[in-house]
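Visitor: I'm new to reading protein models. Could you walk me through this one, a feature at a time?

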Amino acid sequence: MSLRREVRLWLAQRVTAAVLAACVLVHLATIIYAVRGGLSASEILGRTRGDFAWATFYAVFVLAAAVHGAIGLRNILAEWAGWRGGGAEVAMTVFAVFLALLGLRAVAAVFGGGA
Amino acid sequence: MSTALQVRVWRGGKDGAFQAFEVPRRESQTVLDVVTHIQRHIDPTLAYRFACRVGMCGSCAMTVNGRPRWTCRTHVDRVAREGVLELAPLANLPVVRDLVADMREFFDKWARAGGRFVPTATRADPVAAVRPDSKPRREADAAIECIGCGVCYAACDVVAWNPAYLGPAALNRAWTLANDTRDGGRDERLLAVAGDAGCHACHTHMSCTEHCPKGLSPTRSIAGLKRATLRAVLRQAPEDYE
């Protein structure tokens, strides 16, 4: 693990944390608004389907969460389980891709209605 | 004030055990006074370290009722719980014997963090002028009074989790030198303190800052190093950091 990569991962986790802070606030506000207004699932989907702004917002949210979560889990595994090195790097990359795919699948569903 | 203090003292090495002693209470008694009383009047085989007795040398730190402290300036009044003291060697370091911890790894990490001043001038050059109100000078001032007692190192969770982690004191030292405008080793030092064993491993728990007997904030120094190394990594040629 090069120093440069280590420092970049650290930076990526800080940047994604800042993105997540904003995304979570918007997400919570949206939930509260939707629930208070008594919107049904189909009404919500009616608003999100075909809306590029919501799709972009949730895609950014998902990608930030995937990157942030995987780096954080990598740190926890290194410090608490002593798992460092190549195997852990591969496993955490797979984990990040898995999280991203799961999330993007959901984004595709609320945007396009398929999945 | 009760007349006697019940003191449990760690005896032996890693697999040792606590031994109970009764020590007379005195006015303005420090924890170091208690240990010294035990060695001089009860059991001369007790091993412990001290030198200056006035909070300058950094050699008398121990675990007192579960917390790392400098014992020469810790009054018994402040730390004894119902007349009981429990004394152990510093955590996160190997035990030599009784209250003596092996400080080698602690100081080796100062060297690994580039804790040595790298001169850029000779004695033939004029004395460097460093303005007391300049930003680097003020940053260095805020961190320079470390006495190397190891209390922060014993208090740090990250040291316990990641044995390679350089620790608060070594990183604090690196930060003072990174702000020394006379020093010529800045780039190598920033390389030495970056990454998994360096400043980026810090979780900002602030245990070091909470426990530092000198009231320093290694957490702040480490945050400074994080910013400085980040700038260096973004600026420098890739091969420097591979």
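Guide: Let's begin with a term: a salt bridge is a side-chain nitrogen of Lys or Arg within 4 Å of a carboxyl oxygen of Asp or Glu. The general idea is that side chains of opposite charge can pair when their charged atoms come close. Over all chains, the structure holds 20 salt bridges.

Guide: Some ground rules before we go on. This is a predicted model, where local features need pLDDT of at least 70 and side-chain atom pairs count only at pLDDT 80 or more, while totals for chains, interfaces and linings use all residues. Residues are numbered from 1 along each chain as its sequence is written, chains are lettered from A and ligands numbered from 1 in the order in which they are written, and side-chain values use heavy atoms, with hydrogens and water left out.

Visitor: Which residue forms a salt bridge with A:Arg5?

Guide: That's A:Glu89, with the closest N and O atoms 3.5 Å apart. A:Arg5 sits in helix H1 (residues 3-36) of chain A and A:Glu89 in helix H4 (residues 86-112) of chain A, so the pair ties together parts 84 residues apart in sequence. Helices here are DSSP runs of H or I with at least four residues, numbered from the N terminus.

Visitor: How do I read the place where chain A and chain B meet?

Guide: The size of an interface is often given as the accessible area lost when the parts come together. Buried area here uses a 1.4 Å probe and is summed over both parts. Chain A and chain B bury about 1,500 Å² between them, 63% of it on carbon and sulfur atoms. A:Arg4, A:Trp10 and A:Glu79 supply 44% of the area that chain A buries against chain B, more than any other three residues. If you count contacts (heavy atoms within 4.5 Å), ten residues of chain A touch 18 residues of chain B.

Visitor: How many salt bridges are there between chain A and chain B?

Guide: The count is one. The side chains of A:Arg84 and B:Asp196 meet in a salt bridge, at 3.5 Å from N to O.

Visitor: And how do I describe two helices packed together?

Guide: Angles under 35 degrees count as roughly parallel, over 145 as roughly antiparallel, 65 to 115 as roughly perpendicular and the rest as oblique. Take helix H4 (residues 135-143) and helix H7 (residues 168-178), both of chain B: they pack at about 155°, with axes 8 Å apart. That makes H4(B) roughly antiparallel to H7(B). B:Glu139, B:Ala140 and B:Ala143 of H4(B) make the contact with B:Asn172, B:Trp175 and B:Thr176 of H7(B).

Visitor: At roughly what angle do the axes of helix H3 (residues 104-112) of chain B and H7(B) cross?

Guide: Roughly 25°, and those axes come within 8 Å. That makes H3(B) roughly parallel to H7(B). On the H3(B) side, B:Phe106, B:Lys109 and B:Trp110 make the contact, and on the H7(B) side B:Ala169, B:Ala170 and B:Arg173.

Visitor: What about H7(B) and H8(B)?

Guide: The axes of H7(B) and helix H8 (residues 186-193) of chain B come within 10 Å and cross at roughly 155°. H7(B) and H8(B) are therefore roughly antiparallel to each other.

Terms used:
Axes are lines fitted to C-alpha atoms, for helices over the stretch in contact, and angles run from 0 to 180 degrees between N-to-C directions. Buried area is the accessible area (1.4 Å probe) that two parts lose on being put together, summed over both.
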